2 protein chains.
Amino acid sequence: MVLAKDIFKEFKEHSVSEFFRKNAAMLGYTGKIRSLTTVIHEGVTNAIDAAEEAGILPEIFVSIKSMDDSSGHYKVIIEDNASGIPEEYIPRVFGRMLAGTKLHRNVQSRGQQGIGISGGVMFAQSTSGNPTKIVTSTEDGEVISNEVMIDVEKNEGKIANRKAWKGDWRGTRIEFEVKDVLYQRSRYGPYNYLRMTAMANPHVQIRFLEPDGSFTIFERATDEIPERPEPIAPHPAGVRADDLLTLAKETRSRSIGTFLVNDLSRFSRGKLKKIKELVDVDLDEDPSELNWTKAEKIVSAFKKMDFIAPPTKGLRPIGEEKIESGLNQILEPEFAFATTRSPEVYRGGIPFIIEAGVAYGGSAGAGSGSENKGLELLRFANRAPLIFNQGGCAVTSAARDIDWRRYNVNPEKTPITLFINVVSVHVPYTSAGKQSVAEEPEIYEEIRQAIMESTRNLKSFLRRKIKRRERKERAGIFEKYIPIIARRAAALTDKKVPDAEPLIKEITGVDDAKEKED
Amino acid sequence: MVLAKDIFKEFKEHSVSEFFRKNAAMLGYTGKIRSLTTVIHEGVTNAIDAAEEAGILPEIFVSIKSMDDSSGHYKVIIEDNASGIPEEYIPRVFGRMLAGTKLHRNVQSRGQQGIGISGGVMFAQSTSGNPTKIVTSTEDGEVISNEVMIDVEKNEGKIANRKAWKGDWRGTRIEFEVKDVLYQRSRYGPYNYLRMTAMANPHVQIRFLEPDGSFTIFERATDEIPERPEPIAPHPAGVRADDLLTLAKETRSRSIGTFLVNDLSRFSRGKLKKIKELVDVDLDEDPSELNWTKAEKIVSAFKKMDFIAPPTKGLRPIGEEKIESGLNQILEPEFAFATTRSPEVYRGGIPFIIEAGVAYGGSAGAGSGSENKGLELLRFANRAPLIFNQGGCAVTSAARDIDWRRYNVNPEKTPITLFINVVSVHVPYTSAGKQSVAEEPEIYEEIRQAIMESTRNLKSFLRRKIKRRERKERAGIFEKYIPIIARRAAALTDKKVPDAEPLIKEITGVDDAKEKED
């Protein structure tokens, strides 16, 4: 037997950077193609978030340049036109995991963890040994360039090679050097990732330079500057005692009562009166006096009260019209339909919205070119494409559990593309790699409803299409035989051959003018 | 437009505990049933690992007691007979995430992250507000009890209510108080989790007390004390420049050359001679002189050299015989077969072994009782059951991609249970919740091969079974009609009725003695 003291000689503490260095797969760094796409994903989501947060119409430039084919060595550049980064924050934004402006705020954004972009810096340094170059300017007339590496043991950014020059440019450019990756124009590659991003973000312009020199502009379909995402205060029905204590630590309110009114949504003065009758907690005390027992009493009182549903002003869905025009523009289908469902909540109080779109025909469907067939599922969370780990995702299981035959769809053959966007201030991802949405029952059910609503519309279209085809076939038969019958009958009765046209129209109901309208 | 300096006012840094508090779903805390199973999972994997590491035959006691049905309040106790925990480590083992004896060692164990058990403490305190009680003794005559909570902002354990008394007991008992969970005997509940654990760990005894007072003992099927898992040094073919630099920081060797020989596996003195010819790096320098350029040169030289496959002495598969006996004991099937494949490597040098077992009939198959039908997939990694996130797992996709009809199996109807165990010093999990294995191509392919090997054997069994049934049916017909024909023939020819038995045997080939052997 081995003694405890000998076993515990091996005991060590680790930084979050060390953890993700060793478990890079959890951040999406697995496989040569996927790893490259993940770097692009982290850079582009950050870039769009930054522009939107500053209230700027996003213009993103992405370039992937091959440095040496044999070692899969690429230089990846992602540039935005957002408000830039104050220099003192650079080491922490790019060199420290779990740091950022998003993790603690109840605000809808693509990123929400403070891990992604530093994960990219880590991947770059652990495959190429090179720092990541950050060029940024806040439009103060000075452009600054720094090289960042992560001190993995300390989870800290180290800066080198600082340069500064005068210039009027504003934005941030990130230059990663990565190895052991592979550029391909496959479903899982950067091209498709950017194409999907453009589809879900019609207000974003993306310019993309591929390693072979191909240059693509994904043009924006709208010039509307997106509304800035707003923080939404937690809803009483969704907070737990533990959340209340965490919120109380940071409040500026002077009493527990005003803290509830100020820091929760839908908690009015009237509710404060009401809760005073329900709990034996002194709500005039300082919030620092709140302990577990009191918090638990307050939370169980919440359960006995009625609250209006949480505000959804902070949620930014794409919108039905824009999803449809996006599908039409990119897939040129015979039919497209989209729906933005009403806001719902999960875990009692976290608001979310599901959007679904369906496209049929054209270049819709799985596969590419004339090979298009079967169902293609495009998943998005807060407009960021999810292209990996489809297996473990609530979107995939909701789509799989639909009885497709009821909608005249054969998922193996019918050329349809299904577009789903999960919008929330807090998307419940199953992993730090943010590629699948956890199966929260309310989210699953809403996705199901959204898919069914879309496919019901597709079904009517397909039924009309089938009817039309049948009518045309029927018309074909009559058109062929009625004139023959007419001729024979005329010959037999020795009369003039009658005009068969009016009869054909009457029988088949086919009328060119009407057909076009249908 | 909003200025950068205003946006960055919101910038904050977070601890890993805060991150997982907010994203508990990433650790498996999602849904009432699953959350309870996750707590049990973390406690039991730690308990078995601890016993094995100490070279002790594991005896685990698990108790779940309902405290109050209305709030889903349960007390969960997990007790082991391992070597106990030295008191000074308690705050870090249970109160600090990313701390432990496993993350940095290349050794096969169920846990490998240093997050799990403190995740359980966090879940307990954030649902019930209560600390977790740890009672432990290293067999030094003193038993110590402490209550641990996590200081989430600092990622540190806080200790309260210390008690100590004299006693001869040895081991560790953890008492969690959790709320918002639900006990159920479903597929995803603790009972099934422990049943699966018993199946893959025939050397472990588990005693289980359920909330309704039911008491189950999962008896051990073998008394063999498991060999202690051994660390395996990294293999040259699997290390990257970055890994080499990380290893060099911790080496005790005095030169880069001896560092390679001492700290890598399969790197002999002969190889050292060879690499000296291949690279222009001074291998007599101190390892602290190793930089990226030198490390990259050394790693590319590795690629030009041949190495024996990595040692697999540190891998501890269950073994074919034990898997079969486990399947037989628990499922009482008509047929069981298991295979332990030869070791392979992924990512160039990380060794792994795939084990597969298949059982047919009895209580094998999805569903329960007489409802058993269709394929049931049981996934394990280093003998720990994986019961959630089956969608995103390499095991699931390998099983799904099998052309089952070729093996006479209808995955919707045939009552079969498929058992897969992924054994490695580093299982590439897709998430900190450790519920799915990433799709590394080599691992996927080996799982496929293992399944096909098992199902080929099942196919022969099923073919024999069908043949036997056909033969019996044929025999039935002859047995019925030959005596009648014999009687009629005898009557017609007025002769004595002949003995039909030898003829029947000759025609049908059915022989009781032979049948039993078959």
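Which residue of chain A forms a salt bridge with K249(B)? In this predicted model, the partner is E153(A). The closest N and O atoms of the pair are 3.9 Å apart. That separation falls within the 4 Å limit of the rule, so the pair counts as a salt bridge. Across the interface of chain A and chain B, eight salt bridges are found. Polar contacts link 11 residue pairs across this interface, both residues of each pair being at pLDDT 80 or more.

Several elements of chain A contribute to the side that touches chain B. At least two residues each come from helix 1 (4-7), strand 1 (12-13), helix 2 (16-22), helix 4 (90-95), strand 4 (99-100), helix 5 (116-128), helix 7 (241-250) and helix 10 (292-304). Helix 7 of chain A gives the largest share, five residues. By class, this side of chain A holds 24 nonpolar, 22 polar and 23 charged residues.

The overall extent of the interface was also computed. In chain A, 69 residues are in contact with 70 residues of chain B. The two chains bury about 6400 Å² between them. Of this area, 58% lies on carbon and sulfur atoms.

Strand 4 of chain A pairs with strand 1 (residues 12-13) of chain B. The sense is antiparallel, over two bridges. Here A99(A) stands opposite E13(B), which belongs to strand 1 of chain B.

Methods:
Residues numbered from 1 in each chain as written. Chains lettered and ligands numbered in written order. Predicted model: local features only at pLDDT ≥ 70, side-chain atom pairs only at ≥ 80, totals over all residues. Heavy atoms only, no water. Contact = heavy atoms within 4.5 Å. Buried area = accessible area lost by both parts, 1.4 Å probe. Salt bridge = Lys/Arg side-chain N within 4 Å of Asp/Glu carboxyl O. Polar contact = N/O pair within 3.5 Å; in protein donor to acceptor, adjacent residues only side chain to side chain. Helix = DSSP H or I, 4+ residues; strand = E, 2+ residues; numbered from the N terminus. Nonpolar A, V, L, I, M, F, W, Y, C, P; charged D, E, K, R; others polar. Pairing = 2+ DSSP bridges.
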